Amino acid sequence: MNAAPSSVSEMQEAICRHARYSLGKAWADLSSYERFAAVALAARDRMVDAMLATEERYGQADPKRLYYLSIEFLIGQSLGNNLRNLGLRESCRQALARLGADLEEIERSEPDAALGNGGLGRLAACFLDSLATLGMPGYGYGINYEYGLFKQEIDDGYQREKPDNWLAQSSPWEIARPDEACLVPVYGRIEHDVDRHGVYNPMWMDWKLLVGVPHDMLVPGYGGRAVHFLRLYSARSSLDFDMQIFNDGDYFKAVEQKIASETVSKVLYPSDAVIGGHELRLLQEYFLVACALRDIVRRFERNHSTFREFSAKTAIQLNDTHPALAVAELMRILVDEKELAWAEAWEITQATLAYTNHTLAPEALEKWPVPLLERTLPRHMEVIYEINRRFLQQVSVAFPGETSRLNRMSLVEESLPKQVRMVNLAIVGSHSVNGVSAIHTGLLETALVPDFHQLWPERFNNKTNGITQRRWLLEANPALGDLITSTIGDAWITDLDQLRGLDRCSGDAGFQSAFQKIKRANKEKLAGILWHSSRVKADPDSLFDIQAKRIHAYKRQLLNVLHVVDDYLALVEDGKPPAAPRTYVFAGKAAPGYRRAKQIIKLIHSVARVINGDPRAKDWIRVAFLADYRVSLAEAILPAADLSEQISTAGTEASGTSSMKLALNGAVTIGTLDGANVEILEQVGPENMFIFGLQAAELRAMRDAGSYQPRELYDQDAGVRRLVDSFASRRFCPDEPGLFTWACQTVLDSGDRHFHLADLPTYLEAHEKAAAAFNDRGRWTGMAIRNVARIGRFSSDRTVKDYAREIWDLKSV
């Protein structure tokens, strides 16, 4: 066996060996992607050695293990991060230089792993990094999507979705494990019977079979001592099932069955606008749960003979409701396959599972039609009914005579058709239920599921989200990382609270100068991307105002556009230029079926076209939209930001981790008291942020009372009236009159759930304050440095430690 590379010569030899023997070419003949693959395989050698050593160490200790189930893992590019965590970056750089290649150029050749969409998947990826760095035995389980969400292209201002076949050339990071494939039954019927003791013994018959083939992506912790894995399952058809069809002579049906089976892991979030897409999403969620639990049980049984120890050795975290079927599946395995009594199986299930809620929007809470579940997962529907029967008996004892409470808490909604409420299933089947920011957890307990909180207050807790500084500072902003290390040492890489040592430097002229140079270099880099991608010429000395996140009504990109247009109208109609020149940068994807989000993207482009084409605005306002937002693009955008737009309607954002990433890179936040903003404010201080807008309780009171009247604001304020009317005019759509009338209707509607005009005056005022602060370079730089210095609480290392101590009972090995 060849030793994993460490020295420059060993690294060079390993790269060339993989070029020749893994890829079958001489180094000089490799394409750019193949060069990346050769380097990745050389790094993977080291990771495999460390992973095997880690597993041996864990095997001897027999610790409790965590399994993190998530429908998304937004990994991004891995080469740079892996090399840094392994301590191989410099030797790799020198080895490649000897071969006439540049490491940064090779890193850019890596496609983003398209296994996620937004904050949910990126949080999961950060947690895996932290678990490995902390040496806590924790592993991810997900789906090996062949196609990601989609590649976003812009055509005449409209979003167009293109397939994102990130696995077209296969991934050098993935290690296939076909010998550990899982068999997953679906469909079929239940035959009701009793066993020899007269006990009810249902038989799941006539099912179809999916095969889940695992692929491991290795996850090195910083320093390389612990290497864990993310196990991703690809769906394959059952060879036995297909061969039977072949033998019967129906070849076309056999091929059709194979294609249908493998569709399960084909694409992230298939559209559920049609029945087939709805069913496919359910099958995906069950496929993930079934494969993960079979693997987890198999691992447990290698070293343990009784399931009484299962919850003492196993913690399973459900990342939102997508894996909620784990409650029914674990019960089915324990009762049907392991023959445990129901009460014992239920005790084990609750003690093992924990649930993280990520959304407060009622329409985003998953429900599955009972007829669909009965057809696709007939045994699981029976299990859910029995869980519900026993649970409602418990509720009846706790709250006698409260029929309406029983209806609200039931796992089955009595609608047409009946629906299974996955949030309720996840809560009932878990010993812990957590929100992801203090305000979110409070609303979870008082507004979303207050009945459950009243029944089980001890189960509810908060775990404010975090980000890994290894990815979002050390990797994304290496110049700033070097400045910090030269100033306070490198302990911050594994203990982000150490950044507090920068507080004393916030007013130091020399440190401010170095900080400013790094920020300007990052802005120059982003300006180059803006010019190359959209032909927008951005001045690096202007204020870079960034809103980069999923396009959604509650994130209020429309409010941002209102400010942009207000600035523009003041300039061209009143002769009043902005207090500071601005470059507005938007980035984010809209869900393919989300019409309003797509309209917002078109509006941004139309506003940008008019403003960027107006010579009067040339020196003052630039507007750009960067297409196909992804992790690698975020790593270029966030270090360049001056102002971070975190402007969601108060009470709608669960946490929001982009605010943390931007503050860590020296951006100042303009935002509402929503999500993590509330806790960032406590750490950073109100003098280092620009907070505006009504609070969640005020908005809820207005909503409940029906007292919001935006038309009155419109009638009373000429500036608001001019601004809103500009969207009804042809100013931004000269060739398509009426194209943006929807924007006027939205903000003037008393039913506007996002209160755009209610928050507009304080939003405009906050922007004026931000511009004035930006013009005072010493003050602004001090604010930016204090944001970096005081963001330490928001490391995913801290978050994972909180989960480990208070939910998982997980220890470092």
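Predicted model: local features only at pLDDT ≥ 70, side-chain atom pairs only at ≥ 80, totals over all residues.
Let us begin with helices α2 and α3, where α2 passes α3 in a left-handed crossing. Helix α2 covers residues 32-61, and α2 and α3 pack at an angle of about 35°, their axes being 11 Å apart. On the α2 side the contact is made by F36, V39, A40, A43, R46 and M47, and on the α3 side by L79, N82, L83 and L86. Sorted by class, the residues of this contact comprise eight nonpolar, one polar and one charged.

Please keep helix α3 in view. Which elements each supply at least two residues to the lining of the largest cavity? They are α3, residues 79-86, together with α6, residues 119-134, and the strand β9, residues 208-220. The volume of this largest cavity is about 230 Å³. Its lining is made of 16 residues, and those nearest the centre are I75, S78, N81, N82 and V219. By class, the lining of the largest cavity has nine nonpolar, four polar and three charged residues.

In total, the structure holds five cavities of 30 Å³ or more. The second largest cavity contains about 80 Å³ of space. It is lined by 13 residues, and E110, P111, W166, S171 and W173 are the closest to its centre. Eight residues of that lining are nonpolar, three are polar and two are charged.

I turn now from the cavities to a pocket. The second largest pocket holds about 510 Å³ of space. Its lining consists of 18 residues, and V199, Y200, N201, V335 and D336 lie nearest the centre. Two elements give two or more residues to this lining, namely α11, residues 326-337, and α14, residues 378-398. Which element gives the most to the lining of the second largest pocket? That element is α14, with five residues.

Next, the backbone. Most residues other than glycine have a negative phi, and most peptide bonds are trans. Two places in this model call for comment on that account. D156 is not a glycine, yet its phi is positive, at about 55°. Where does D156 lie? D156 is found in the loop between β3, residues 151-155, and β4, residues 158-162. The other place is the peptide bond from L416 to P417, which is cis, with omega near -10°. P417 likewise belongs to a loop, the one between β14, residues 412-413, and β15, residues 419-421.

I close with a second pair of helices. Two packed helices are described by the angle between their axes and the distance between the axes. For helix α22, residues 557-574, and helix α23, residues 595-612, the axes come within 10 Å and cross at roughly 15°. Angles under 35 degrees count as roughly parallel, and α22 and α23 are therefore roughly parallel to each other. Their crossing is left-handed. From α22, the contact is made by Q557, L558, V561, V564, V565 and Y568, and from α23 by I600, L603, I604, V607, V610 and I611. What classes of residue make up this contact of α22 with α23? Eleven are nonpolar, one is polar and none is charged.

Key: Residues numbered from 1 in each chain as written. Heavy atoms only, no water. Axes fitted to C-alpha atoms, helices over the stretch in contact; angles between N-to-C directions. Helix = DSSP H or I, 4+ residues; strand = E, 2+ residues; numbered from the N terminus. Parallel < 35°, antiparallel > 145°, perpendicular 65-115°, else oblique. Left-handed = near helix turned anticlockwise from the far one by under 90°. Contact = heavy atoms within 4.5 Å. Nonpolar A, V, L, I, M, F, W, Y, C, P; charged D, E, K, R; others polar. 1 Å grid on protein atoms, 1.4 Å probe; cavity = no way out; pocket = protein on both sides within 12 Å on 5 of 7 lines; lining within 4 Å. Points joined across faces, edges and corners; volume = space filled by probe spheres on them.
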